[in-house]
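User: I have a structure open and want to go through it with you. Can we take it piece by piece?
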Amino acid sequence: VPRMSKGLPIKQRIPNVKRIVLVSSAKGGVGKSTVSVNLALGLSKLGKKAGVLDVDLFGPSIPKLFNLSGEPRISDNGKLLPLSNYGVETMSMGYLIAPENPVVWRGLMVMKALQQLLFEVAWSPLDYLVIDMPPGTGDTQLTISQQLKVNGAVIVSTPQDIALIDAVKGISMFNKVHIPILGLVQNMSYFVCPNCHHESHIFGSDGAKREAEKYGLQVLGSIPLNEQICLQSDKGKPIVVADPQSPLADSYIEVARKN
Ligand code: ADP
């Protein structure tokens, strides 16, 4: 149960965590989890201690992206111990529920699980905790923005117009709850032909960039549409660890550098 003051929850820190960064998108499938994971791995590559918290209770993707599974162990004082791979600590609803069990929970149980993921994890001392948010602006987003002392939010968007409109909705939500927006990551923004290296801006060029400027937001990076990103993620070895010297990895590490 959150501590309250004057009818409003008090914003809390997560024990052992210095900076909390939310990675958010207004709709699913735009590459938010891929950005979350490669951002955390990029931070780790830059010498920071990083963790990822997956609060997408209904579609957790962090276990698969980190090639991790199994139930977390419980610490002596009853907290969940994170699972680690590639030097990054992770916690996800996916570890607590078997993948074959669909989550058909009532709101109260969902909120209880969320409280546990937010405040009952025994993180090692972390420089950064990247929180992979569910898409949209629902209850989980509201709870997190009201209860957590967040340093900033990164918004992921593809260049298509619909995604842009939704991304803008997300922006106004964060403004309302006084969470600084660190900037926008434009994902799947162009395609580089593997044969002739021509850059195709298949969804039109720089729509997200223009939109970002309109709202005074920084563009933290543009990630190309590339099958390696998808293939390596499917293998549980995201591109920043699979091919750390590649320009693709660089496009994510660049985002990490700006955090
Ligand atoms: P979200 O978290 O927004 O639902 P995901 O990160 O799960 O999106 O990505 C959705 C799908 O798109 C995944 O299969 C992922 O591997 C793929 N994907 C994400 N970013 C890229 C990219 N830049 N190029 C190619 N495939 C990508």
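Predicted model: local features only at pLDDT ≥ 70, side-chain atom pairs only at ≥ 80, totals over all residues.

User: Where is His 178 placed?
Analyst: In the loop between helix 6 (161-176) and strand 9.

User: What about the phi of His 178?
Analyst: His 178 has a positive phi of about 60 degrees, and the residue is not a glycine. Most residues other than glycine have a negative phi.

User: And Met 188, what is its phi?
Analyst: Near 55 degrees, which is a positive value, again in a residue other than glycine. Met 188 lies in the loop between strand 9 and strand 10 (191-192).

User: Buried or exposed, that Met 188?
Analyst: Met 188 counts as buried because it has 23 C-beta neighbours inside 10 Å, and the cut-off for buried is 20 or more.

User: Now the sheet. How many strands form it, and in what order?
Analyst: Eight strands, in the order 5-6-4-7-3-8-9-12. The sheet is open and its pairing is mixed. From one strand to the next, the twist averages 25 degrees.

User: Which strands stand at the edges?
Analyst: Strand 5 (83-85) and strand 12 (219-222). Each has a single partner strand, so one side of each has no neighbour in the sheet.

User: What about strand 8, how many of its residues are buried?
Analyst: Five of the six residues in strand 8 (residues 152-157) are buried, so the strand is largely enclosed by the rest of the structure.

User: How many bridges join strand 3 to strand 8?
Analyst: Four, and strand 3 (residues 17-24) runs parallel to strand 8. Leu 22 stands opposite Ala 153 of strand 8.

User: And between strand 8 and strand 9, how many bridges?
Analyst: Five, with the two strands paired in the parallel sense. Val 154 stands opposite Gly 183 in strand 9.

User: Which way do strand 4 and strand 7 run?
Analyst: Strand 4 (residues 50-54) and strand 7 (residues 126-132) run parallel and are joined by five bridges. Val 52 has Val 130 in strand 7 as its bridge partner.

User: On to the helices. Which strands does helix 10 lie across?
Analyst: Helix 10 lies across strand 9 (181-186) and strand 12, at about 170 degrees to strand 12.

User: At what angle do helix 1 and helix 10 cross?
Analyst: Their axes cross at roughly 75 degrees and come within 8 Å, with helix 10 covering residues 247-257.

User: Last topic, the ligand. How many residues surround it, and which are the closest?
Analyst: The ligand is surrounded by 17 residues, and the closest are Gly 31, Lys 32, Ser 33, Thr 34 and Cys 230. Helix 1 (32-45) and helix 8 (227-234) are the elements that give two or more residues to the shell.

User: What does the shell around the ligand have by class?
Analyst: Six nonpolar, 10 polar and one charged residues.

Methods. Residues numbered from 1 in each chain as written. Near = placed C-beta within 6 Å. Nonpolar A, V, L, I, M, F, W, Y, C, P; charged D, E, K, R; others polar. Axes fitted to C-alpha atoms, helices over the stretch in contact; angles between N-to-C directions. Pairing = 2+ DSSP bridges. Contact = placed C-beta atoms within 7 Å. Buried ≥ 20, exposed ≤ 12 C-beta atoms within 10 Å, placed from the backbone.
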